[in-house]
Structures are given as C-alpha cells and as structure tokens.
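Open the model in your viewer and switch to a cartoon view. This tour goes stop by stop.

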Amino acid sequence: MENTLTPEDLLAGVRRTRLVAIVRGTDGAAAGRAALAAMEEGFKYVEIALTTPGALKAIGEVRAAAPAGCFVGAGTVLTKQDAEDVESAGGQFIVTPSLAPSIEAAAGRGIAVLAGALTPSEAFEAMSRGAAAIKLFPASIGGPGYLKALRDPFPDIPFIAVGGVGLDEAAGYWGAGAIAVGLGGPLFGDAASGGDLAAMRGRARRFVALAAYNGRAAKGLR
C-alpha cells in the first residue's frame, strides 16, 4: 500500500490542525474504533501505539476505513524491524518515545518521523537523524516554560508537546511555540480498551474546537 503522506505534508498538516491523537489501549479492535471515532470528530493525524495488542492489524484497518484527509501512524516505534512492520501494515508515519534506531530506518524510507526527545542534545540529534519534528516528551516535566527555553536556541525545530497535556494545558504549549499537542489519555480515556466512545467523541470535539480557536487567535482573528 503506497504511503501518500510525505514528511513535508505531515509537518504542514500538523502545523495547521495543531493536534495529534495518541491511541494506546489493551485491545486492538477497540483502539481501531477509537482512532476512527477521533478522525470522524476532526482529528487528521492519529497514531496507534505498538504496545497495544493487535496494533499492526488495527493500523491496517484504520488506514482502509479512514475518512479522506486523515492519516494513521504508529507510536512507540523503536527498532528498524518495527518501522518496516508499520510500513507493511499501512502506517503512514511513525512516532518514537526517544532516540531510537527506528528514526533513521523510517526516515531513510521516506516515512515521516515524530521523534521523542526531552533535552536540547536529544532534540538536535533526532533532527540530525532525519526527524520531521520533535515530540517533546514528557512535556509535563518542564511545562510550557521549558518548551519556550528550548526554542530559544532552536527556533527552527518544530516541537509537539506530549505527556500530561489536556484541555487546560494545551493553550499554554501553543503559546510557548509548540506547533501541536499530542493527546492520549486526556482525549481517549478508556475508549481504546473498550470504554465509552460517546464520551471520547465529546472530548474530541472540545479539543478540535479549542485548537481552531487558538489558531485563529494566533493569527489575530479572534
């Protein structure tokens, strides 16, 4: 299955939508349903963590059923084999929690990588290895102030804040210069393990509305 999402397209799309959804659960089928529900509510970029049982099958099923303009990737991608498996399953981008061999493996195959990093050295190294953007993880350790400090020496590195980001925290990270926020538990709750999809859909709509409002405000269109 040809990957129609280039690293440049992913970066431009994430900048525009300001959101990435992170699905991690105990049931692959439920994770797939949660991923599709998030897409139906307005999320364009959704990753399914490989720690979810049946994740690769779920990624393939979501790819086949995704609404137009929506893309599915894989999270917790660590090894070269992981990257190859994700590509074979139909995953369109990968996300790592740290510096890992999967960064070079995926980037070398033209697959967009959101690479996990926390320190200045890690962020610089991940970009040097071919990452499209840095997943600042766990962002909650330093909060928006830490992100702002990181961006002072690295104004051209695109950062996505992940880890402990909810409705009350998202605007702070956008204000500190994050191009997007990554949302796991605060968005999905237990939906990826077979829990309440209706409640998850409600949270998704609130996040999408908040991102749209924040984007307009950042352009002076409030």
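Begin with two helices: α8 passes α10 in a right-handed crossing. Keep in mind that this is a predicted model.

Select residues 167–175 for α8 and residues 197–218 for α10. Their axes come within 11 Å and cross at roughly 25°. An angle under 35 degrees counts as roughly parallel, so α8 is roughly parallel to α10.

Now show side chains at the contact. From α8, pick Leu167, Ala170, Ala171 and Trp174. From α10, pick Arg206, Phe207, Leu210, Ala211 and Asn214. These residues make the contact between the two helices.

Next, move to strand β5, residues 112–117. Is β5 largely enclosed or open, and why? Six of its six residues are buried, so β5 is largely enclosed by the rest of the structure. Color the two faces separately. Ala112, Leu114 and Gly116 lie on one side, and they are buried. Val113, Ala115 and Ala117 lie on the other, and they are buried too.

Find Phe93: it stands opposite Ala112 in β5. Then trace the chain from β4 through helix α5, residues 101–107, to β5. This β-α-β crossover is right-handed.

Last, select strand β6, residues 133–136. β5 and β6 run parallel, joined by four bridges. Look for Leu114, which stands opposite Ala133 in β6. Bring in helix α6, residues 120–128. Together β5, α6 and β6 make a right-handed β-α-β unit.

Terms used. Residues numbered from 1 in each chain as written. Predicted model: local features only at pLDDT ≥ 70, side-chain atom pairs only at ≥ 80, totals over all residues. Heavy atoms only, no water. Buried < 20%, exposed > 50% of the residue type's maximum accessible area, 1.4 Å probe, protein only. Pairing = 2+ DSSP bridges. Right-handed = clockwise from strand over helix to strand, strands pointing away. Axes fitted to C-alpha atoms, helices over the stretch in contact; angles between N-to-C directions. Parallel < 35°, antiparallel > 145°, perpendicular 65-115°, else oblique. Left-handed = near helix turned anticlockwise from the far one by under 90°. Contact = heavy atoms within 4.5 Å.
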